[in-house]
Amino acid sequence: MSTVYKSVDGYPLKASCDEHLFQFRLTAWQHEPHSIEIMKGKQLMPRVVGLNEKELETLDILSMRGNKIMSDILYEGKSKIIYRGPNNESLIIRYKDTATAFNGEKKAELSGKGKLNAAISSLIYGYLAEHGVETHLIEVIDDATALVKKAEIVMIEVIVRNVAAGSFSKKYGVPEGTALKNTVIEFSLKSDELGDPMINESQITAIGLATEEELKEMTRQAFRINELLCALFAKTGIRLIDFKLEFGRYDGKLILCDEISPDSCRLWDIDTDKKLDKDRFRRDLGDVLDSYQDVLRRLQNVR
Ligand code: C5P
């Protein structure tokens, strides 16, 4: 039997198990320092019951097999919540429905956005992994939640541009939609406080945000990811205008972290130039969720 439970803070738990056993297991967790209380209609009564190995095996808590659930919130960002993972090498990320723009100045709740971004991002990360790009994604836990590798995030955003738009158009006076003669790679400092300012390579190495080798590796991966994504989106009738990547250090390597979704990309319909990304929210163009849904549907059709 597979049931979706929710913890008191809304954290979803999937369990494939006998409900009776599940209650026993949860009871055991009540004694852990990070234990959580589980709701399913009503709060379960804490009971102290020991389980044998066989009984424990019956419990197949997705992504948390044999581990304690530690649901502490480690960090809450504008569009995601990061929870402590089942072990020290992983984290749980939950996509929120909150849409923000202009460094949080504009904000709205768009019901269902979290699930759409989670689905789009995991589909894209699956595709990239198949093509040799190592990403942080371990396993999708539920519609809006994923288990990911706990990487040390490089505090730099890598922006890739194929077509002029957004801040590039504004800064350099190049009309939106102008094809660029070569792919542009930019770096910004990841800092909400400072408004994610653009930063160059010598500045990055000078203040120790990343080494020269790491910058080379992030640039190499960004070009490769761009090639792969342009090909994928082209099949769906979408032009990849630009996007943002984040990387993390894990196991001696740089891996792709965060998300790739309409929140972090500009995606235009190839035939009509209709914007299918967060610019619909930034610029009050309407149909935000319909457009995200359209992106998901198109990707699902080619995957
Ligand atoms: O605003 P700008 O034109 O520099 O954005 C370039 C791309 O990077 C866009 O696709 C935008 O959605 C993305 N981006 C992002 N997060 C940021 C800054 C930009 O996802 N903090």
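Modeller: Happy to! A polar contact here is a pair of N or O atoms within 3.5 Å; within protein, one must be able to donate a hydrogen and the other to accept it, and residues adjacent in sequence count only if both atoms are side-chain atoms. This is a predicted model, where local features need pLDDT of at least 70 and side-chain atom pairs count only at pLDDT 80 or more, while totals for chains, interfaces and linings use all residues. Residues are numbered from 1 along each chain as its sequence is written, and side-chain values use heavy atoms, with hydrogens and water left out.

With that in place, a polar side-chain atom of aspartate 196 is 3.2 Å from a nitrogen atom of the ligand. Arginine 161 brings a side-chain N or O atom to 2.8 Å from a ligand oxygen, and a polar side-chain atom of arginine 282 is 2.9 Å from an oxygen atom of the ligand. The protein buries 79% of the 450 Å² that the ligand exposes when taken alone (Shrake-Rupley method, 1.4 Å probe; for residues, only the protein chains shown count as cover).

Around the ligand there are 15 residues, of which Arg161, Ser167, Asp242, Arg266 and Arg282 come nearest (a residue is near if one of its heavy atoms lies within 4 Å). At least two residues of this shell come from each of strand S14 (156-163), helix H4 (166-172), strand S16 (238-250) and strand S18 (265-269); helices (H or I, at least four residues) and strands (E, at least two) are DSSP runs, numbered from the N terminus.
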